Amino acid sequence: MPKQKTHRASAKRFKRTGGGGLKRGRAFTSHRFHGKTKKQRRQLRKASMVSHSDYKRIRQQLSQMR
């Protein structure tokens, strides 16, 4: 039987938290910040949690990741 492998693209984008959740980076952070307010830019710096609807699918891709 072949071994189950971690989806490497997902492993680079998501990190596990201590409580077992999944942390992700935010979208809209690469360029064109002059069109965004200071509040938006400040809030985009923080990481976010994976939504409940996506959690099961992403957890499956990261099955071998600790």
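Trainee: What makes the charged end of K36 count as sitting over the ring of F33?

Mentor: In this predicted model, the charged end of K36 lies 5.5 Å from the centre of the F33 ring, and the distance cut-off for a charge over a ring is 6 Å. The value falls within that cut-off, and the charged end of K36 is accordingly listed as sitting over the F33 ring.

Trainee: How do you know what confidence the predictor has in the chain?

Mentor: The mean pLDDT of the protein chain is 92, and 98% of its residues reach 70 or more, on a scale that runs from 0 to 100. Confidence is highest in strand β3, residues 48-49, at 96, and lowest in helix α3, residues 52-61, where the mean is 92.

Trainee: Why are R57 and D54 said to form a salt bridge?

Mentor: Their side chains meet at 3.1 Å, N to O, and the rule asks for a side-chain nitrogen of Lys or Arg within 4 Å of a carboxyl oxygen of Asp or Glu, so the pair qualifies. Both residues lie in helix α3, three residues apart, which is about one turn of the helix. The structure holds one salt bridge.

Trainee: Why is T6 called buried?

Mentor: T6 has a relative accessible area of 17%, and because buried means under 20%, T6 is placed in that class. T6 is located in the segment before α1, which covers residues 8-13. Leaving aside neighbours within four places in sequence, T6 is in contact with A11, Q61, L62, Q64 and M65.

Trainee: Which residues does L62 touch in turn?

Mentor: Not counting residues up to four places away in sequence, L62 touches T6, H7, S10, A11, F14, R16 and L22. L62 also belongs to the largest nonpolar core, whose seven residues are A11, F14, L22, V50, I58, L62 and M65. Nonpolar side chains tend to be buried together in soluble globular proteins.

Trainee: How many aromatic pairs are there?

Mentor: The count comes to zero aromatic pairs, where a pair would need ring centres within 6.5 Å.

Trainee: What makes S48 a buried residue, and where is S48 found?

Mentor: S48 is found in strand β3, and its relative accessible area of 14% is under the 20% limit, so S48 is buried. Leaving aside neighbours within four places in sequence, S48 is in contact with L22, K23, R24 and R26. By contrast, S48 and Q4, which are 44 residues apart in sequence, are 27 Å apart in space, C-alpha to C-alpha.

Trainee: Are F28 and R32 buried or exposed?

Mentor: Exposed means over 50% relative accessible area, so F28, at 67% relative accessibility, counts as exposed, and R32, at 58%, is therefore classed as exposed too.

Note on methods: Residues are numbered from 1 along each chain as its sequence is written. This is a predicted model: local features need pLDDT of at least 70, side-chain atom pairs count only at pLDDT 80 or more; totals for chains, interfaces and linings use all residues. Side-chain values use heavy atoms; hydrogens and water are left out. Helices (H or I, at least four residues) and strands (E, at least two) are DSSP runs, numbered from the N terminus. Buried means under 20% relative accessible area, exposed over 50%, partly exposed in between (1.4 Å probe, protein chains only). Contact means heavy atoms within 4.5 Å. A nonpolar core is a set of buried Ala, Val, Leu, Ile, Met, Phe, Trp, Tyr and Cys residues joined through side-chain atoms within 4.5 Å. Rings of Phe, Tyr and Trp (its six-membered ring) pair if their centres lie within 6.5 Å; planes under 30 degrees apart count as stacked, over 60 as edge-to-face and the rest as tilted. A charge sits over a ring if NZ of Lys or CZ of Arg is within 6 Å of the ring centre and within 35 degrees of the ring normal.
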